[in-house]
Amino acid sequence: MTDVEIIVQGAPPPVGRRKLVWRRFLRNHVAVACGIILILLFAAAYVLPHFLPYTYTELDPTAKLKPPNAKHWFGTTALGEDVLAQTLRGLQKSLVIGFGAALIAATIATVAGSVAGLLGGVADTAIMWVVDLLLVIPSFIMIALFTPKVQGNGSILLLTFLIAVFGWMITARIVRGLTMSMREREFVRAARYMGANTRTVITTHILPNIASILIIDTTLAVGSAVMAESGLSFFGFGVQPPDVSLGSLIGTYSKSALTYPWTFMFSAGFLVIIVLCANLMGDGLRDAFDPSAKKARSKQARRKVDRA
(Lines give C-alpha, C1' and ligand atoms only; values in the text may rest on other atoms or scores of the structure.)
Protein backbone atom coordinates (compact mmCIF):
# COMPACT_ATOMS: atom_id res chain seq x y z
CA MET A 1 0.00 0.00 0.00
CA THR A 2 1.48 3.32 -1.05
CA ASP A 3 1.60 6.50 1.01
CA VAL A 4 -1.03 8.06 -1.25
CA GLU A 5 -3.44 5.20 -0.59
CA ILE A 6 -2.88 5.52 3.17
CA ILE A 7 -3.64 9.24 3.10
CA VAL A 8 -6.79 8.71 1.07
CA GLN A 9 -8.07 5.96 3.33
CA GLY A 10 -7.41 7.99 6.46
CA ALA A 11 -9.02 11.16 5.13
CA PRO A 12 -12.42 12.16 6.61
CA PRO A 13 -15.46 11.65 4.38
CA PRO A 14 -16.46 14.66 2.28
CA VAL A 15 -18.97 17.00 3.91
CA GLY A 16 -22.17 17.81 1.97
CA ARG A 17 -23.07 21.39 1.15
CA ARG A 18 -26.05 21.41 3.53
CA LYS A 19 -23.95 20.28 6.49
CA LEU A 20 -21.21 22.73 5.59
CA VAL A 21 -23.66 25.65 5.43
CA TRP A 22 -25.25 24.55 8.68
CA ARG A 23 -21.86 24.41 10.43
CA ARG A 24 -20.96 27.88 9.18
CA PHE A 25 -24.27 29.23 10.41
CA LEU A 26 -23.86 27.64 13.84
CA ARG A 27 -20.45 29.32 14.18
CA ASN A 28 -22.19 32.69 13.86
CA HIS A 29 -23.41 32.93 17.45
CA VAL A 30 -25.22 36.23 16.90
CA ALA A 31 -27.31 34.83 14.04
CA VAL A 32 -28.09 31.66 16.01
CA ALA A 33 -29.15 33.71 19.03
CA CYS A 34 -31.40 35.85 16.81
CA GLY A 35 -33.03 32.73 15.36
CA ILE A 36 -33.69 31.39 18.86
CA ILE A 37 -35.16 34.74 19.91
CA LEU A 38 -37.58 34.73 16.96
CA ILE A 39 -38.69 31.20 17.80
CA LEU A 40 -39.22 32.17 21.44
CA LEU A 41 -41.23 35.22 20.39
CA PHE A 42 -43.50 33.03 18.29
CA ALA A 43 -43.96 30.60 21.16
CA ALA A 44 -44.61 33.36 23.70
CA ALA A 45 -47.10 35.14 21.43
CA TYR A 46 -49.27 32.05 21.01
CA VAL A 47 -48.75 30.19 24.31
CA LEU A 48 -48.67 32.87 27.02
CA PRO A 49 -52.14 34.36 26.27
CA HIS A 50 -53.72 31.08 27.42
CA PHE A 51 -52.24 31.56 30.89
CA LEU A 52 -53.15 35.22 31.36
CA PRO A 53 -56.15 36.20 33.49
CA TYR A 54 -57.14 38.87 30.93
CA THR A 55 -57.63 38.87 27.19
CA TYR A 56 -56.52 41.80 25.06
CA THR A 57 -60.09 43.19 24.94
CA GLU A 58 -61.05 42.75 28.64
CA LEU A 59 -61.13 45.79 30.92
CA ASP A 60 -60.12 46.09 34.55
CA PRO A 61 -62.01 49.14 35.88
CA THR A 62 -60.07 49.00 39.14
CA ALA A 63 -56.72 49.44 37.40
CA LYS A 64 -56.46 52.28 34.89
CA LEU A 65 -53.08 53.57 33.77
CA LYS A 66 -51.33 51.49 36.39
CA PRO A 67 -47.59 50.87 35.95
CA PRO A 68 -46.26 47.29 35.77
CA ASN A 69 -47.18 45.38 38.92
CA ALA A 70 -47.77 41.84 40.15
CA LYS A 71 -51.32 41.74 38.73
CA HIS A 72 -50.57 43.40 35.39
CA TRP A 73 -46.95 42.66 34.49
CA PHE A 74 -46.80 45.28 31.71
CA GLY A 75 -49.24 47.70 33.36
CA THR A 76 -52.62 48.87 32.04
CA THR A 77 -54.00 51.45 29.63
CA ALA A 78 -56.37 54.37 30.28
CA LEU A 79 -59.35 52.03 29.78
CA GLY A 80 -57.95 49.33 32.06
CA GLU A 81 -56.73 47.02 29.27
CA ASP A 82 -53.87 44.69 30.12
CA VAL A 83 -50.78 45.87 28.20
CA LEU A 84 -49.18 42.42 28.25
CA ALA A 85 -52.23 40.81 26.66
CA GLN A 86 -52.42 43.54 24.04
CA THR A 87 -48.71 43.31 23.29
CA LEU A 88 -48.86 39.55 22.82
CA ARG A 89 -51.88 39.93 20.53
CA GLY A 90 -50.05 42.58 18.52
CA LEU A 91 -46.98 40.37 18.40
CA GLN A 92 -49.07 37.55 16.91
CA LYS A 93 -50.42 39.72 14.11
CA SER A 94 -47.11 41.38 13.27
CA LEU A 95 -45.24 38.06 13.14
CA VAL A 96 -47.91 36.37 11.02
CA ILE A 97 -48.14 39.28 8.61
CA GLY A 98 -44.35 39.69 8.40
CA PHE A 99 -43.49 36.04 7.80
CA GLY A 100 -46.58 35.43 5.66
CA ALA A 101 -45.91 38.39 3.39
CA ALA A 102 -42.24 37.43 3.03
CA LEU A 103 -43.10 33.84 2.05
CA ILE A 104 -45.81 34.88 -0.42
CA ALA A 105 -43.53 37.50 -1.98
CA ALA A 106 -40.71 34.95 -2.31
CA THR A 107 -43.07 32.48 -4.00
CA ILE A 108 -44.35 35.05 -6.50
CA ALA A 109 -40.82 36.26 -7.23
CA THR A 110 -39.54 32.72 -7.74
CA VAL A 111 -42.28 31.76 -10.18
CA ALA A 112 -42.26 35.03 -12.11
CA GLY A 113 -38.47 35.41 -12.27
CA SER A 114 -37.71 31.82 -13.20
CA VAL A 115 -40.42 31.66 -15.89
CA ALA A 116 -39.29 34.97 -17.39
CA GLY A 117 -35.63 33.98 -17.37
CA LEU A 118 -36.16 30.48 -18.72
CA LEU A 119 -38.71 31.17 -21.46
CA GLY A 120 -37.64 34.65 -22.55
CA GLY A 121 -39.43 36.28 -25.47
CA VAL A 122 -43.02 37.37 -24.95
CA ALA A 123 -43.28 35.82 -21.47
CA ASP A 124 -40.19 37.68 -20.31
CA THR A 125 -41.42 40.98 -21.77
CA ALA A 126 -44.87 40.63 -20.20
CA ILE A 127 -43.59 39.71 -16.73
CA MET A 128 -40.99 42.46 -16.71
CA TRP A 129 -43.65 44.95 -17.79
CA VAL A 130 -45.72 43.97 -14.75
CA VAL A 131 -42.63 44.30 -12.54
CA ASP A 132 -41.86 47.78 -13.87
CA LEU A 133 -45.50 48.82 -13.45
CA LEU A 134 -45.66 47.69 -9.82
CA LEU A 135 -42.36 49.41 -9.05
CA VAL A 136 -43.77 52.82 -9.99
CA ILE A 137 -47.16 52.39 -8.29
CA PRO A 138 -47.20 54.00 -4.79
CA SER A 139 -47.76 50.89 -2.68
CA PHE A 140 -48.60 52.77 0.52
CA ILE A 141 -51.51 54.58 -1.15
CA MET A 142 -52.84 51.41 -2.80
CA ILE A 143 -52.78 49.42 0.44
CA ALA A 144 -54.32 52.34 2.35
CA LEU A 145 -57.24 52.39 -0.08
CA PHE A 146 -58.23 48.75 0.43
CA THR A 147 -57.42 47.57 3.95
CA PRO A 148 -59.70 49.92 5.99
CA LYS A 149 -62.72 48.58 4.08
CA VAL A 150 -62.24 45.02 5.38
CA GLN A 151 -62.84 44.02 8.99
CA GLY A 152 -61.83 41.04 11.11
CA ASN A 153 -59.48 38.31 9.91
CA GLY A 154 -60.15 39.41 6.35
CA SER A 155 -58.15 42.57 6.94
CA ILE A 156 -55.17 40.52 8.14
CA LEU A 157 -55.24 38.28 5.05
CA LEU A 158 -55.72 41.23 2.71
CA LEU A 159 -52.94 43.23 4.35
CA THR A 160 -50.54 40.27 4.15
CA PHE A 161 -51.37 39.71 0.50
CA LEU A 162 -51.03 43.38 -0.45
CA ILE A 163 -47.67 43.76 1.29
CA ALA A 164 -46.47 40.66 -0.57
CA VAL A 165 -47.84 41.88 -3.92
CA PHE A 166 -45.84 45.10 -3.66
CA GLY A 167 -42.70 43.44 -2.31
CA TRP A 168 -41.62 40.76 -4.80
CA MET A 169 -40.38 42.74 -7.81
CA ILE A 170 -36.70 43.25 -6.91
CA THR A 171 -36.32 39.57 -5.97
CA ALA A 172 -37.97 38.58 -9.25
CA ARG A 173 -35.36 40.56 -11.17
CA ILE A 174 -32.58 38.78 -9.28
CA VAL A 175 -34.14 35.36 -9.93
CA ARG A 176 -34.61 36.22 -13.61
CA GLY A 177 -30.95 37.15 -13.97
CA LEU A 178 -29.78 33.97 -12.27
CA THR A 179 -32.12 31.85 -14.39
CA MET A 180 -30.91 33.47 -17.60
CA SER A 181 -27.33 32.66 -16.63
CA MET A 182 -28.24 28.99 -16.10
CA ARG A 183 -30.60 28.28 -18.99
CA GLU A 184 -27.73 27.74 -21.43
CA ARG A 185 -25.83 25.36 -19.17
CA GLU A 186 -25.51 21.75 -20.15
CA PHE A 187 -27.79 20.23 -17.52
CA VAL A 188 -30.65 22.62 -18.32
CA ARG A 189 -30.27 22.20 -22.08
CA ALA A 190 -30.12 18.43 -21.69
CA ALA A 191 -33.32 18.41 -19.64
CA ARG A 192 -35.14 20.50 -22.24
CA TYR A 193 -33.89 18.32 -25.12
CA MET A 194 -35.19 15.25 -23.28
CA GLY A 195 -38.68 16.79 -23.27
CA ALA A 196 -38.89 18.11 -19.69
CA ASN A 197 -41.56 20.78 -19.35
CA THR A 198 -40.96 24.24 -17.90
CA ARG A 199 -42.22 23.34 -14.41
CA THR A 200 -39.93 20.30 -14.20
CA VAL A 201 -36.88 22.26 -15.35
CA ILE A 202 -37.56 25.01 -12.81
CA THR A 203 -38.24 22.74 -9.83
CA THR A 204 -35.49 20.22 -10.63
CA HIS A 205 -32.64 22.32 -12.01
CA ILE A 206 -33.25 26.04 -11.41
CA LEU A 207 -34.60 26.19 -7.84
CA PRO A 208 -31.90 24.01 -6.23
CA ASN A 209 -29.23 26.34 -7.63
CA ILE A 210 -30.88 29.56 -6.43
CA ALA A 211 -32.29 28.25 -3.14
CA SER A 212 -29.58 29.95 -1.08
CA ILE A 213 -30.39 33.36 -2.56
CA LEU A 214 -34.11 32.85 -1.93
CA ILE A 215 -33.59 31.78 1.69
CA ILE A 216 -31.44 34.80 2.43
CA ASP A 217 -33.77 37.22 0.65
CA THR A 218 -36.87 35.81 2.36
CA THR A 219 -35.28 36.12 5.80
CA LEU A 220 -34.29 39.72 5.16
CA ALA A 221 -37.76 40.46 3.73
CA VAL A 222 -39.38 39.54 7.06
CA GLY A 223 -38.03 42.69 8.68
CA SER A 224 -39.19 44.83 5.77
CA ALA A 225 -42.68 43.31 5.86
CA VAL A 226 -43.00 43.85 9.62
CA MET A 227 -41.91 47.47 9.22
CA ALA A 228 -44.39 47.95 6.35
CA GLU A 229 -47.23 46.54 8.45
CA SER A 230 -46.24 48.66 11.43
CA GLY A 231 -46.10 51.83 9.35
CA LEU A 232 -49.52 51.18 7.82
CA SER A 233 -51.09 50.27 11.17
CA PHE A 234 -49.47 53.30 12.81
CA PHE A 235 -51.43 55.56 10.44
CA GLY A 236 -54.64 53.49 10.74
CA PHE A 237 -54.42 51.72 7.37
CA GLY A 238 -53.26 48.31 8.57
CA VAL A 239 -54.83 46.05 11.19
CA GLN A 240 -58.27 47.41 12.00
CA PRO A 241 -59.90 47.70 15.47
CA PRO A 242 -60.83 45.91 17.64
CA ASP A 243 -57.82 43.84 16.62
CA VAL A 244 -54.33 45.16 17.29
CA SER A 245 -50.78 44.83 15.99
CA LEU A 246 -47.50 46.26 17.19
CA GLY A 247 -47.88 49.12 14.74
CA SER A 248 -51.38 50.03 15.85
CA LEU A 249 -50.37 49.88 19.52
CA ILE A 250 -47.42 52.18 18.85
CA GLY A 251 -49.69 54.58 16.97
CA THR A 252 -52.34 54.57 19.71
CA TYR A 253 -50.00 55.14 22.65
CA SER A 254 -47.21 57.19 21.06
CA LYS A 255 -48.68 60.38 22.56
CA SER A 256 -48.29 58.96 26.07
CA ALA A 257 -44.78 57.58 25.50
CA LEU A 258 -43.26 60.10 27.93
CA THR A 259 -46.05 60.33 30.51
CA TYR A 260 -47.06 56.65 30.65
CA PRO A 261 -44.13 54.90 28.95
CA TRP A 262 -45.25 51.32 29.71
CA THR A 263 -48.17 51.68 27.30
CA PHE A 264 -45.72 52.34 24.45
CA MET A 265 -42.30 50.91 25.16
CA PHE A 266 -43.12 47.18 25.14
CA SER A 267 -44.73 47.14 21.70
CA ALA A 268 -41.98 49.40 20.33
CA GLY A 269 -39.30 47.23 21.92
CA PHE A 270 -40.68 44.02 20.42
CA LEU A 271 -40.85 45.66 17.00
CA VAL A 272 -37.17 46.61 17.21
CA ILE A 273 -36.24 43.10 18.36
CA ILE A 274 -38.12 41.41 15.50
CA VAL A 275 -36.62 43.58 12.77
CA LEU A 276 -33.12 43.45 14.25
CA CYS A 277 -33.16 39.66 14.72
CA ALA A 278 -34.55 39.03 11.23
CA ASN A 279 -31.85 41.18 9.63
CA LEU A 280 -29.00 39.70 11.68
CA MET A 281 -30.23 36.18 10.97
CA GLY A 282 -30.36 37.02 7.26
CA ASP A 283 -26.79 38.30 7.42
CA GLY A 284 -25.74 35.08 9.14
CA LEU A 285 -27.37 32.96 6.44
CA ARG A 286 -25.71 35.03 3.72
CA ASP A 287 -22.29 34.51 5.32
CA ALA A 288 -22.99 30.77 5.70
CA PHE A 289 -23.94 30.32 2.05
CA ASP A 290 -21.26 32.69 0.70
CA PRO A 291 -18.22 33.08 3.00
CA SER A 292 -16.45 35.16 0.36
CA ALA A 293 -19.02 37.95 0.86
CA LYS A 294 -18.08 38.16 4.54
CA LYS A 295 -14.38 38.36 3.68
CA ALA A 296 -15.05 41.10 1.14
CA ARG A 297 -17.02 43.12 3.71
CA SER A 298 -14.20 42.68 6.25
CA LYS A 299 -11.60 43.92 3.76
CA GLN A 300 -13.79 46.88 2.90
CA ALA A 301 -14.24 47.74 6.57
CA ARG A 302 -10.48 47.54 7.19
CA ARG A 303 -9.83 49.86 4.25
CA LYS A 304 -12.26 52.40 5.70
CA VAL A 305 -10.52 52.19 9.07
CA ASP A 306 -7.11 52.62 7.46
CA ARG A 307 -8.32 55.65 5.52
CA ALA A 308 -9.77 57.19 8.67
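1. Quick term first: "buried" here is under 20% relative accessible area, exposed is over 50%, and partly exposed is in between (1.4 Å probe, protein chains only). With that, helix α11 (residues 246-253) is mostly covered, 6 of its 8 residues being buried. Those are L246, G247, S248, L249, I250 and Y253. The cover over them includes α4, α10 (198-234) and α12 (262-289).

2. Ground rules: this is a predicted model, where local features need pLDDT of at least 70 and side-chain atom pairs count only at pLDDT 80 or more, while totals for chains, interfaces and linings use all residues. Residues are numbered from 1 along each chain as its sequence is written, and side-chain values use heavy atoms, with hydrogens and water left out.

3. The overall picture: 13 helices and 0 strands, with helices (H or I, at least four residues) and strands (E, at least two) taken as DSSP runs numbered from the N terminus. Of the chain's 308 residues, 41% count as buried.

4. Now the inside. A nonpolar core is a set of buried Ala, Val, Leu, Ile, Met, Phe, Trp, Tyr and Cys residues joined through side-chain atoms within 4.5 Å. The largest one has 24 residues, and I97, I127, V131, I143, L159, I163 and W168 touch the most other members. Elements giving two or more residues to this core are α4, α5, α7 (153-165), α8 and α10. Another core, of 21 residues, lies apart from it, with I250, W262, F270 and A278 among them.

5. I163 deserves a click: beyond its neighbours within four places in sequence, I163 contacts I97, A101, I143, A225, A228, E229 and L232.

6. On the outside, W129, V130, L133, L135, V136, I170, I174 and I213 make up a nonpolar surface patch with about 740 Å² of accessible area together. Two or more residues come from each of α5 (121-136) and α8 (169-182), and α5 gives the most, with 5. For patches, residues need over 30% relative accessible area and no salt bridge; nonpolar side chains (Val, Leu, Ile, Met, Phe, Trp, Tyr) are joined within 5 Å, like charges within 9 Å. A salt bridge is a Lys or Arg side-chain nitrogen within 4 Å of an Asp or Glu carboxyl oxygen. Areas are Shrake-Rupley with a 1.4 Å probe, and for residues only the protein chains shown count as cover. V130, in helix α5, is partly exposed at 35%.

Conventions
Contact = heavy atoms within 4.5 Å.
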